[in-house]
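The sequence and the structure come before the notes.

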Amino acid sequence: MSIRKRSYRFGGFELNTHARELLRDGQPVALPVVALDCLAYLIEHRDRPVGRDELISAVWGRTDVSESTLAHTIVRLRQVLGDSGNDQHSIRTVPRLGFRWVADTAIEETEVVAAAAAANEPIPDAAPMSDLAPTEAPSRKSRWQRLLLRPRWLWPMAALLVAVSLIVVFATRTPPTPTLPPAAPTEPYTAWVMPAEIDAPEDWAWLRLGLMDLVANRLRLGALPTVPSETALALSTKWKQAAPGVPPDPRLGISLRVQPRVERIDGAWRVSLAAYPNEGRALHAEAQADDVLVAARRAADDLLVALGHAPPMDGSRSPADPEKLLQQVAAARLAGRLPLALELLQRAPAQWLQQPEIALVAAKVDCDRGERKASEQRLNVLLKQLPADKNPVLRARVLTSVAWLHANRAEYDQAERVLTEALALLRGQNAPGVLGNVYSQRGWVRLTLSRLDEAVADLSLARLAFVRSGDIREIARTDQRLGVVAGRRGQPGAALALLQRAADRFEAVGAENDLAVTLIATAEIQENLLEFEQALATTDRFWSPQFARDWGRSICRAWVLAQNGRLREAATLAESILAETDASEEEALRAEAQALLARIALQRGQAEDAVRLAQQVAEPALEESDRREYLGNQMVLIRGLRSLGRLDAARREVERLRAWVDAAPDDWLRTGALLMEAEQDLAEGRLEPALRRHAEAMASAERLGVPEWLVAVAYSYVPALIEAGRLDQAGVIGGRIGAWADQDMRAAWVQARLHQALGDVEAGRAAEQRAKRLAGERRLP
């Protein structure tokens with residue numbers, strides 16, 4: 001039996017479709033397999049233009065490959081064939097359609113014995129019956145063409161050495177029986193590049209993280225979603241004991257792990273990459289060169305080819321010394337060795353520091369060190385050197401860093417303006433990671449400004465971009481922020497689901513700080529749901545004495561302790577914040593701690609202390625950082641003034657509060673203002689106006705659907721209704737909050753008053769005892 005061997009000859013080249021090789025003047029030309037596939041398909045369909053979608057589907061076997069990957073492949077073919085964008089002698093671009101092969105081409109066909117041909121073909125694994133059964137009648141299509149129309153197979157080392165001189169092999173854990181490697185997955189891999197294993201002198205230790213970062217960036221440039229190096233390092237710390245064959249935590253969404261290894265051999269560098277898919281056999285890529293970074297990039301490019309991705313177009317260039325500096329600084333930053341990163345930059349030639357990439361890294365190192373003014377100066381100089389039309393992606397990255405500095409100073413309008421400029425630069429660019437960062441940061445700014453609909457839109461687009469880039473940590477951060485927005489919108493169920501998903505990912509990654517922030521947000525939602533014991537258990541997950549000086553954790557823990565009636569512990573934490581933080585650096589945090597101490601004083605019945613402490617709160621700082629906490633402090637101040645009989649002063653504060661709320665309408669704030677007006681009317685003896693205002697406040701609380709507000713309003717509304725003799729109406733409101741009487745002191749106390757008014761002494765006594773138990777160190781009315 002024999003089969004046909006077809007070759008195409010054109011302009012000094014020969015493409016052998018059977019051996020899958022391209023020859024120039026008889027010598028093999030090194031091209032990725034996808035480039036050869038692409039070339040063959042164009043030539044075999046030279047009678048017509050081939051659409052981009054058709055070409056992607058035929059060569060890659062799936063439709064989710066980006067057009068930029070196809071464009072890279074076409075550019076590489078044109079470089080080899082002597083074409084350019086203007087001189088298209090071989091591959092011509094057909095506007096709005098695709099490409100067409102136009103070179104004069106001769107066809108040569110020969111017959112070879114089937115057995116000899118089979119020697120060059122891999123032997124397939126046993127396939128399922130559905131794969132072996134014929135699906136169509138035999139046609140005139142060659143096996144080459146039929147393979148192109150199926151999911152593309154990856155080929156073993158022997159064929160690639162003959163065809164394109166690539167150094168990619170497939171490893172198996174069983175005896176070396178020739179087998180056909182698994183097809184590329186229908187869903188793209190998300191890769192995790194681990195720290196490199198090093199067999200080299202000590203002064204090359206930076207390669208452990210530097211090479212990890214380089215390979216990850218290289219895979220990312222080849223359109224392979226790859227987790228950022230910061231996340232990869234955290235993962236490696238958490239999962240360092242896992243064997244290569246054990247898949248990572250499924251919550252991470254990682255489907256491919258890449259282990260780099262670098263060796264110094266006879267003055268040259270050998271870099272090998274072992275890639276472990278969750279399913280299927282391991283893949284190996286290896287390259288050797290005098291320069292370690294050249295070897296790493298070549299190995300990464302070969303791995304991209306094996307995974308069905310086109311490598312970036314600069315793979316043949318040797319990296320300049322500035323690139324080595326960038327990798328060394330990246331390694332130092334990843335390891336948290338900021339003095340080393342600074343020293344590396346200070347030792348670099350001055351002209352290197354003028355290069356935009358290095359200048360941006362230097363600005364980030366300044367920011368890491370807390371030198372934010374120096375960082376901003378570098379960024380501003382860099383913006384002047386980067387016109388928008390020359391390097392839009394890099395300029396967008398610089399603008400993102402500038403916006404962060406603005407947001408850090410609470411200059412939210414400026415931050416939003418800068419981020420919007422960055423988004424305009426990224427329009428049409430293939431930079432999903434950068435795009436995700438910009439949308440995420442702008443979403444956070446808009447969340448801070450309580451523009452929730454706009455925040456959700458930005459965060460949703462950020463999440464989509466991070467999925468494309470494979471940034472699992474930023475996906476989790478986006479879920480976290482969307483959870484906060486859901487909480488602000490009065491959607492606690494959705495909020496807790498989003499926050500739990502984010503917490504699971506952070507825990508799997510080993511991102512301790514991100515996990516703590518997520519748990520803090522979770523505890524806040526649980527407080528609003530009146531789940532105080534659960535909130536305390538949530539803080540237990542991030543709390544231990546070693547974090548006592550982590551003020552974000554401390555202030556959250558303090559508030560939750562107070563809500564559980566543990567006032568002494570809460571006050572101790574708040575006081576430690578005031579004693580140990582810098583007034584100029586932590587103004588908002590100190591204002592929140594002061595507000596908590598004011599509330600604790602009021603709950604202890606110490607009205608004078610409560611008023612004094614509430615008046616000392618740095619109001620602009622609290623108002624800008626958290627409008628809801630500002631409202632809470634004003635409520636403490638007003639109630640404290642009334643407890644002291646200073647009704648006129650309390651009235652002025654109520655009026656001021658109402659004007660503040662009216663200036664920036666918000667249902668949460670409006671509910672609080674209505675409640676303060678109702679309580680003021682009641683204190684001044686105007687019962688009917690007080691009841692009307694209470695009814696408005698309760699209706700507003702119902703619209704919010706937040707248990708905290710329902711109970712807070714009922715706490716003063718039910719006694720007022722009882723005083724007015726409207727027991728039926730009081731029963732309706734009291735019954736509305738009865739479900740929380742076992743967990744909230746105020747709800748239990750309302751039940752006691754209601755049962756007593758209705759003459760049910762036993763039930764009233766039981767409810768009162770429950771209220772006392774829940775009160776802890778708080779004083780009941």
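**Salt bridges and overall make-up**

Across the whole structure, a search finds 49 salt bridges. The model is a predicted one. Its chain holds 36 helices and 14 strands. Of the 781 residues in the chain, 51% are buried. Among contacts with a separation of 6 or more, 60% are between residues 24 or more positions apart.

**Salt bridges within a helix**

- Arg347 and Glu343 form a salt bridge through their side chains, at 2.9 Å from N to O.
- These two residues are four apart in helix α12 (residues 338–347), which means that about one helical turn separates Arg347 from Glu343.
- Arg347 is exposed, at 58% relative accessible area, whereas Glu343 is partly exposed, at 37%.
- Arg765 and Glu762 also meet in a salt bridge, with an N to O distance of 3.1 Å.
- Here the residues are three apart in helix α36 (residues 761–775), so Arg765 and Glu762 are again separated by about one helical turn.
- Arg765 is partly exposed, with a relative accessibility of 44%, while Glu762 is exposed, with 57%.
- Elsewhere, salt bridges with shared partners link Arg651, Arg658, Asp662, Glu677, Asp681, Glu684, Arg686 and Arg693 into one network.

**A salt bridge between separate elements**

- The side chains of Asp453 and Arg489 form a salt bridge at 2.3 Å, N to O.
- Asp453 belongs to helix α19 (residues 452–469), and Arg489 to the loop between α20 (472–488) and α21 (492–509), so this pair ties together parts 36 residues apart in sequence.
- Asp453 is exposed, with a relative accessible area of 56%, and Arg489 is partly exposed, with 33%.

**A buried glutamate**

- Glu263 is part of strand β12 (residues 256–265).
- Glu263 counts as buried because its relative accessibility is 16%, and the cut-off for buried is under 20%.
- Leaving aside residues up to four places away in sequence, Glu263 is in contact with Asp199, Ala268, Trp269 and Arg270.

**Nonpolar cores**

- The largest nonpolar core has 141 residues, of which Leu219, Val271, Leu303 and Trp709 touch the most other members.
- Helix α33 (residues 707–723) gives the most to this core, contributing eleven residues.
- Apart from this core lies another, of 31 residues, including Val402, Leu405, Ala407 and Leu426.
- Val271 has contacts with Leu211, Arg261, Val262, Ala285, Glu286, Ala287, Val292, Ala295, Ala296 and Ala299, when residues up to four places away in sequence are not counted.
- In soluble globular proteins, nonpolar side chains tend to be buried together.

**Packing of α18 and α19**

- The axes of helix α18 (residues 432–448) and helix α19 come within 7 Å and cross at roughly 160°.
- The two helices α18 and α19 are therefore roughly antiparallel to each other, since angles over 145 degrees count as such.
- Their crossing, that of α18 and α19, is left-handed.
- On the α18 side, the residues making the contact include Pro432, Leu435, Tyr439, Arg442, Trp444 and Leu447.
- On the α19 side, they include Leu452, Ala455, Leu459, Ala462, Phe466 and Ser469.

**Positive phi angles**

- Most residues other than glycine have a negative phi.
- Ala410 has a phi near 65°, a positive value in a residue other than glycine.
- Ala410 sits in the loop between α16 (392–408) and α17 (412–426), and is partly exposed, at 33% relative accessible area.
- Ser450 likewise has a positive phi, near 65°, and is a residue other than glycine.
- Ser450 is located in the loop between α18 and α19, where Ser450 is partly exposed, with a relative accessible area of 31%.

Key. Residues numbered from 1 in each chain as written. Predicted model: local features only at pLDDT ≥ 70, side-chain atom pairs only at ≥ 80, totals over all residues. Heavy atoms only, no water. Salt bridge = Lys/Arg side-chain N within 4 Å of Asp/Glu carboxyl O. Buried < 20%, exposed > 50% of the residue type's maximum accessible area, 1.4 Å probe, protein only. Contact = heavy atoms within 4.5 Å. Core = buried A, V, L, I, M, F, W, Y, C linked by side-chain atoms within 4.5 Å. Axes fitted to C-alpha atoms, helices over the stretch in contact; angles between N-to-C directions. Parallel < 35°, antiparallel > 145°, perpendicular 65-115°, else oblique. Left-handed = near helix turned anticlockwise from the far one by under 90°.
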